[in-house]
Amino acid sequence: MGVLGAVMDAVEQSPEHQVALQQAPLRGHAREYLRAFSMEMTARGETSIVKADALKLIGSVSDRLHAAKQFGETPDPREILDELTKRHVLVRAAAGSFRFQHQQFQEFFAAGGLRAHLDGLVRANDSIEDRKFLVSYVNEARWGESLRLLAEDIGVSVGDKAGVEVGTKLVRMALEVDPIFAAELARWCGPSVWSEVREEMGRRLRLW
């Protein structure tokens, strides 16, 4: 996550892209759109998205940003898609579709999307929504690499109380699905999360 994050920073702060990414139509929200692309592609089990779906997804993100008063006027989705392919890690693929320059960029942005979702679950403390996340993400192998990246990011964020809460919730969810995967995530999340889940992990091992 650190290496991929540094690459993103280098792209966004480069002289040829920095100003354009902050101006219309993106206005500093490029990562919001890329995160949406990564979540949609991964949910479908794909590494590309056709133009029609990409424009629809951009419109949805723009509407959300507009509702949150991040935009004064909703930008044209075609302009945003064009800027993303010129200024960031989204590239044109075959048959008029779009993909990330490398699949790890897709997994990186999906990890960010999962983190945002888990942050909301921690605040909401809603068992029904927790279950939906478990079924949709933790129990689906296609999200495994992004969840590992998320756990690694939590592990290096020493002293991040919110990260510990997210990591603890994630490991507890994984424990219901696959204790081996839960143990792997716990290791990546680091000692602060381990101290929260070690008793539950121990009970499961003793039960086995």
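A residue is called buried under 20% relative accessible area, exposed over 50%, and partly exposed in between, using a 1.4 Å probe and protein chains only. This is a predicted model, in which local features need pLDDT of at least 70, side-chain atom pairs count only at pLDDT 80 or more, and totals for chains, interfaces and linings use all residues. Residues are numbered from 1 along each chain as its sequence is written, and side-chain values use heavy atoms, with hydrogens and water left out.

Q: Why is Lys 86 called partly exposed?
A: Its relative accessible area is 44%, which lies between the limits of 20% and 50%, so the label is partly exposed.

Q: Is Glu 83 buried or exposed, and how do you know?
A: Glu 83 has a relative accessible area of 12%, which is under 20%, and therefore Glu 83 counts as buried.

Q: What makes the pair Lys 86 and Glu 83 a salt bridge?
A: A salt bridge needs a side-chain nitrogen of Lys or Arg within 4 Å of a carboxyl oxygen of Asp or Glu; the closest N and O atoms here are 3.3 Å apart, so the pair qualifies.

Q: Why is Glu 176 called exposed?
A: Glu 176 has 53% relative accessibility, and this is over 50%, so the label is exposed.
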